[in-house]
Amino acid sequence: MITDILDMGEKINLRGQVIVVGSGIAGSEVATHLARNGREVILLESGRGQFDPSIQALNNVNFTGKPHRKLDPDANYHRFLPPELRGTSRLRQFGGTSNIWTGKWKYLEPSQFGGRDWIPNSDWPIGFNDLLPYYHSAAKDYGFGDLEAEAMRPEIREFRAKLAEHGIRLSSFYWEEKPTRTAIRFGDEMRRSENLHVVLGATATELRLDDSRQRVTSVVCRSLEGKELIVEGEAIVLAMGALETARLLLSSDRQLPGGIGNAHDLVGRFYTDHLKHHTGKLWPGQLTQKYALQMQFKQKPRFCVCFSLDEATQREQKLLEHALYLKPIYEKSMEIVPGRPTARDNYGLVVAYRVNLAFEHVPHKESRLTLGTESDALGQRKLEVNWCFTDHDRHSLPKIVELLTHRVEESGLGTIEFGEELPCIENMTDAAHQMGTTRMASRPEEGVVDTNCCVFGTNNLYVAGSAVFPTGPSYSPTFTILALARRLGQHLLQKTPTKAVQMSK
């Protein structure tokens, strides 16, 4: 069932077994999984079916560090979207930010889980193998291609081996034909479900605790029209993205000074995105000419490749994770430069490749979110975002550019040109991948949630999404968000009885 908060009349209370806040990929995955398995679920979404600028404005933050991209009808980002959505990185609408993403699915690299001794705070308290079954099941259920089978395809194995000779790692991601939009994928199921009640236009503004201060009893929701709703449940899942999840925890400070889960002043800290540079070009070399078919970006669905310095180089040089993407520029879009080699794939003559570079940065405490003094239309304190960087970031980035440029040319992949400005923190953008504000850890002194994504200091409050990432990959985090959501869903099935068992008590 899907209703609007305004359609609930005089009713001011709802109750379910599990309350999920946020209808993006993480929230919809958890909510539908639990409902299919007999749990009573209430899914709360701030937005409505159509984009509403006044609701979207509740996302506004003040930047005290490096700013993010902004809503801009003329932006180069998301040109496939309606103008009113271009340039945004977070969306308040049924389906959440899944409504604007591009549909790229990639595993987190296994090397990122074990912790890298040259990068502080890079340990994950779970391993790659803890998530692998959930990567597999999600790929099957969502209809993704098999990334492991793709890695063993003869052409990819040969291409990877030739690059490895020059210290370059090749990896693959899967690009959907049509990006997963949760409002479309799960909309009909949600409308028909007897166990799932979706409430639109309901912005979560506060979490309320019982007398022990260890259990969340309810979520207070409000609409811009002035309607208030109190939603009670046995388990609460925050799937609102890294910024809004931290904001709600910090704002819920009437019973616990400093907010919920913040006994060690870690909520909002270790904020990370990845830096992105997208104005370079690669002129094809002999290796690119040979493997141009493997470097196509269309037609979707398809597997695509990306490149980075190998793990040995990263360890030896103490470098951060990064990814190099190459998008073909065809003859019809760019004139052939006399004397420069070209490549050919199934879609025409490739004159050059657009270079897109993405970089991880060091997770550190001072890159953080805090509550400011300015309020939004609901009277909630706005976030102040201090997205900032370390000396390690500033030393690692130019070294990566130098080594990649050299090795790409040495391997025969081609010649990279960045024009007058090499990539640097100042001329790079965010990548719309907010992560890390409620990081996962083994101990509350090191993070905000435990290995089951339960907020330390509580016994029924969970976080689903990239807010729990201890480190931020240099590519789309969505596959790992989905795998973690599936893992959390299984955990909650074990923690909550079916309706039949509950009613018999």
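Me: How do the residues of the lining of the second largest cavity divide into nonpolar, polar and charged?

Reply: Rolling a probe the size of a water molecule over the atoms shows where empty space is left. This is a predicted model, where local features need pLDDT of at least 70 and side-chain atom pairs count only at pLDDT 80 or more, while totals for chains, interfaces and linings use all residues. Residues are numbered from 1 along each chain as its sequence is written, and side-chain values use heavy atoms, with hydrogens and water left out. The lining in question has five nonpolar, two polar and two charged residues (nonpolar: Ala, Val, Leu, Ile, Met, Phe, Trp, Tyr, Cys and Pro; charged: Asp, Glu, Lys and Arg; polar: the others, Gly among them).

Me: What is the volume of the second largest cavity, and which residues line it?

Reply: A cavity is a set of points on a 1 Å grid over the protein atoms alone where a 1.4 Å probe fits but cannot get out, and lining residues have an atom within 4 Å of a point. Points are joined across faces, edges and corners, and the volume is the space filled by probe spheres set on them. Here that volume is about 50 Å³. Leu275, Leu320, Phe359 and Glu360 are among the lining residues. Helix H11 (residues 391-411) provides the largest share, three residues (helices are DSSP runs of H or I, at least four residues; strands are runs of E, at least two; both are numbered from the N terminus).

Me: Which strand gives the most to the lining of the largest cavity?

Reply: S14 does, with three residues. The lining includes Cys306, Phe307 and Ser308.

Definitions and conventions: On a 1 Å grid over the protein atoms alone, a cavity is a set of points where a 1.4 Å probe fits but cannot get out, and a pocket is an open set with protein on both sides within 12 Å along at least five of seven lines; lining residues have an atom within 4 Å of a point.
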